[in-house]
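Look at the sequence and the model together, and turn the model slowly before reading on. The paragraphs below go through it one region at a time.

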Amino acid sequence: VTLQGDHPTARALIAEATAIATERGAKRLISYALLSHGMAAHAQHDHALAVAQLEEFLAISRERGDKYEIASALIHLGSVALDERDYARAQTLHEEGLTLFQEMRAEFEIADVLVYLGMVARLQGDYARAEASFKESLTRMRALGTLQWKGIADCLEGLADACTFQRQFEHAARLFGAAEALRETLAGSPTLLPHAAYAQTLAALRAQLDASTLAAEWSVGRMLTPEQALEYALSLPDTPTSIPTPQQSAAYPAGLTAREVEVLQLLAQGLTYAQIAERLVITRRTVNGHVTSIYGKLGVNGRVAATRLAAEYHLV
């Protein structure tokens with residue numbers, strides 16, 4: 001039912017299964033139900049419920065000492081944080097999950113997590129780190145011998161994005177074309193790159209390449225097999241680490257992150273934590289975490305003092 005996209009029905013069935021498992025005291029079934037419920041809630045963008053279910057799944061997994069389940073819970077929680085644009089938390093959770101998968105030598109899972117870490121790095125403006133993660137993921141997929149087409153498509157788009165940043169526009173167009181063809185084979189699976197970022201990169205590409213060159217390179221990419229596209233991506237030169245990233249060039253005072261500045265600005269407007277959570281599409285717990293971090297970095301104990309410093313820093 002979930003694979004068919006009928007998430008409400010899936011959640012109702014999972015809830016019923018959870019009740020039965022709870023009544024019978026079947027902890028393993030309860031944990032699986034919690035994971036399924038959390039994933040279904042995430043698919044419906046109900047982040048608060050997704051986090052609640054996944055954290056409960058994580059707690060049971062820790063109690064049982066199941067490394068694989070712990071890693072899976074961390075990765076799914078990281079994916080929710082990624083959708084909430086809490087990139088620091090997403091990075092931390094994915095790295096913790098990756099460490100556990102590495103300890104278990106779970107190669108398929110390692111390759112998959114590296115894709116998400118690449119996307120987190122890209123959204124933080126660190127193109128060199130993003131490119132390294134995408135390429136490592138592709139290298140591991142090649143070594144496994146069983147190619148994961150969705151993972152390849154995600155990596156190709158991430159690398160195309162990096163190529164656009166490097167002004168390697170022809171490479172970017174070819175990679176985007178290869179990714180597009182792969183997604184069509186996968187019945188149109190959505191891009192991992194957020195829609196706004198994807199649209200912005202494509203707009204930049206169209207502005208820099210004439211229409212005929214763009215179409216030609218895109219068409220060449222579409223004709224590549226998954227194996228050929230992977231080899232082409234890995235043959236591209238690496239991004240110089242000395243290139244300043246957008247994040248580096250837009251530093252905020254007191255070490256505040258872009259997300260913390262957003263939260264601080266809403267605090268200064270007098271919004272409650274619940275209202276901030278709703279405005280930014282994140283959980284209240286995440287807001288609490290941001291506020292604690294903001295107060296610590298600014299050296300203040302409350303909203304009034306934080307608002308005063310925000311004004312002094314010209315953030316509001």
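**Helices that cross**

The crossing of α7 and α8 is left-handed, a term used when the near helix is turned anticlockwise from the far one by less than a right angle, with right-handed used if the turn is clockwise. The helices themselves are DSSP runs (H or I, at least four residues), as strands are (E, at least two), and both are numbered from the N terminus. This is a predicted model, in which local features need pLDDT of at least 70 and side-chain atom pairs count only at pLDDT 80 or more, while totals for chains, interfaces and linings use all residues. Residues are numbered from 1 along each chain as its sequence is written, and side-chain values use heavy atoms, with hydrogens and water left out.

Two packed helices are described by the angle between their axes and the distance between the axes. For helix α7 (residues 127–144) and α8, the axes come within 9 Å and cross at roughly 150 degrees. Here axes are lines fitted to C-alpha atoms, for helices over the stretch in contact, and angles run from 0 to 180 degrees between N-to-C directions. α7 and α8 are therefore roughly antiparallel to each other; the cut-offs are under 35 degrees for roughly parallel, over 145 for roughly antiparallel, 65 to 115 for roughly perpendicular, and oblique for the rest.

Which residues make the contact (heavy atoms within 4.5 Å)? From α7 they are Y127, E131, F134, K135, S137, L138 and M141, and from α8 they are G151, I152, D154, C155, G158, L159, D161, A162 and F165. Sorted by class, the residues of this contact of α7 with α8 are nine nonpolar, three polar and four charged. In this sorting, Ala, Val, Leu, Ile, Met, Phe, Trp, Tyr, Cys and Pro count as nonpolar, Asp, Glu, Lys and Arg as charged, and the others, Gly among them, as polar.

Helix α7 also meets helix α12 (residues 226–235): their axes come within 10 Å and cross at roughly 140 degrees. α7 and α12 are therefore oblique to each other. This crossing, too, is left-handed. The contact is made by K135, L138, T139 and R142 of α7 with L230, E231, A233 and L234 of α12. By class, the contact of α7 with α12 has four nonpolar, one polar and three charged residues.

**The chain as a whole**

Of its 316 residues, 47% count as buried, where buried means under 20% relative accessible area, exposed over 50%, and partly exposed in between (1.4 Å probe, protein chains only). Among contacts in the chain with a separation of 6 or more, 63% are between residues 24 or more positions apart.

**Buried residues inside helices**

Some single residues can now be placed. S133 is in helix α7 and is buried, with a relative accessible area of 10%. Leaving aside neighbours within four places in sequence, S133 is in contact with L114, L117 and G118.

Helix α5 holds Q91, which counts as buried at 18% relative accessibility. Not counting residues up to four places away in sequence, Q91 touches L117, V120, Q124 and R129.

L100 is also placed in helix α5, and at 16% relative accessibility L100 counts as buried. Apart from neighbours within four places in sequence, L100 is in contact with K67, I70, A71 and L74. L100 and Y68 are 32 residues apart in sequence, with 7.4 Å from C-alpha to C-alpha in space.

**One face of a helix**

In helix α15 (residues 273–280), I276, A277 and L280 are buried. Seen down the axis of α15, these buried residues fall within an arc of 100 degrees, so they line one face of the helix; the arc is that of the directions from the helix axis to the C-beta atoms. An α-helix has 3.6 residues a turn, so residues three or four places apart point the same way. The buried residues of α15 pack against α14 (258–268) and α16 (284–298).

**Two arginines in loops**

What is the phi of R85? It is positive, about 65 degrees, although R85 is not a glycine. R85 is found in the loop between α4 (67–83) and α5 (87–104), and at 40% relative accessibility R85 counts as partly exposed.

R167, another residue other than glycine, has a positive phi near 70 degrees. R167 lies in the loop between α8 (149–165) and α9 (169–185). R167 is exposed, with a relative accessible area of 56%.

Terms used. Contact means heavy atoms within 4.5 Å.
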